Amino acid sequence: MHELVGALRTYAWGSRTALAQLCGRPVPSAHPEAELWFGAHPADPAHIRVDGLQQSLLELVRADPQHELGAVAPTFGGRLPFLLKILAAEEPLSLQAHPSAKQAQAGFERENLARVPLDSPMRNYRDENHKPELVVALERFEALAGFRPPLRTVALLRALGVERLNPYADLLAAQPDSAGLRTLFTTWITLPQTALAAMLPKVLDGCVRYLAEKSEPNSGAKEFAAEARTTLELAEAYPGDAGVLAALLLNRITLQPGQGLFLSAGNLHAYLRGVGVEIMANSDNVLRGGLTPKHVDVPELLRVLDFEPNELPIVEAEPVDHTLDGSCSLRYRTPAPEFALRRFELAAGAVPVPIPRSGPGILLCTSGAVRLLQGADELRIAAGTAAWISAGDTVVHAAATGGPAQLFCACVGEL
Ligand SMILES: [Zn+2]
């Protein structure tokens, strides 16, 4: 096992406090810090530290895939199949979806034939892989994901009391299914700029009015308050963007710490705010529909989107094991073959617990500090740092040092 130092990504939507605080660095940071990558992605691999020297995890895996990845090496073309991140969003990220494996293969080939350079910002498909992803909240985490059941969306549109929305609400009420959602989403996301400029201010006025209206006595919080506030926030960050309208069709999700959100192929989503641990298949294939200065390709997005309305795709942590002295392990179940994620809550002073894994693993500490033990070897990692465990390594045990600690274990999923 080796200490693994993450690669810090600074994007405008990042936070000047969240990652620095988590890692114990001074705040505010010099730049908005968005993501800390722990993986062997060619764009920004993490580095292992050996005897004070750093080596890229990508090079380490390439040099000896059999030892580093073990039996799964041929299945994933000799590459580490997952990428683990800590993500800190201060502002909304783009409205996006990821293709299925089949769509990614076809799209990659199509763009190769059209000779779109691999590093072109116009490129949709940078590889042939799908990109299932799971985000686990470390604090309250807000997101939009998946289409809301249509009749609830009709109720939301009517609640805003905007005349210009009535024909759209009627349309969806008449066809409250995936076909109705496809029609409405397609109409909105392709609205000419002039129509959009006429309609958006009315919708925003409706949101302001809705939030200002007194709710009925004893009726509790307003039903769509979060949705109305999010619409206003998105419009402020991306004025005149069709994605603001489209976002009205999505489930507004708040994850509590420890809860996960799984995004399968075709699920339209946008992260809004929060800090989380994210794990995904090692791919860059993103199709964007708006709320971003990056490349947007609406026709291609429409081709991969899954319009089937769903309830919230929330993944609860499943307790797997616990010790008498208060440590426990929890699992996040997803269908992705590329990754599996477990969380360990390590109690102060508790005995070391074994960390089960199949093949290679990345152990990431997200609070407190952890002592990792492997035979006679010992490695200490603090919040914001990780350890790389080769497939060839024997079992690793983990214990909190000092106060309680939290540790995530990422490894390859069950094939
Ligand atoms: Zn995504």
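Start by selecting histidine 41 in this predicted model: with a relative accessibility of 7%, it counts as buried, because anything under 20% does. You will find His41 in the loop that runs between strand E3 (35-38) and strand E4 (47-50). Show its side chain and look for the backbone nitrogen of alanine 43, which it reaches at 3.0 Å.

Next, go to arginine 288, in strand E13 (residues 287-290). An unreviewed UniProt entry lists Arg288 under "active site". Is this arginine buried or exposed? Arginine 288 is buried, since its relative accessible area is 16%. Follow its side chain to the backbone oxygen of histidine 295, reached at 3.4 Å. To see what else arginine 288 touches, select Ser94, Leu95 and Gln96, then Lys294, His295, Val296, Asp297, Val298 and Leu301; residues up to four places away in sequence are again not counted.

Last stop: helix H9, residues 225-237. Which residues of H9 are buried? Color Ala225, Glu227, Ala228, Thr230, Thr231, Leu234 and Ala235 to pick them out. Then bring up what covers the buried residues of H9: the cover includes helices H5 (150-159), H8 (193-212) and H10 (242-246), along with strands E9 (141-147), E10 (250-255) and E12 (269-281).

Technical notes:
Residues numbered from 1 in each chain as written. Predicted model: local features only at pLDDT ≥ 70, side-chain atom pairs only at ≥ 80, totals over all residues. Heavy atoms only, no water. Helix = DSSP H or I, 4+ residues; strand = E, 2+ residues; numbered from the N terminus. Expected span 1.5 Å × (residues − 1). Buried < 20%, exposed > 50% of the residue type's maximum accessible area, 1.4 Å probe, protein only. Contact = heavy atoms within 4.5 Å. UniProt positions renumbered as here; feature names shortened; annotations may be inferred. Polar contact = N/O pair within 3.5 Å; in protein donor to acceptor, adjacent residues only side chain to side chain.
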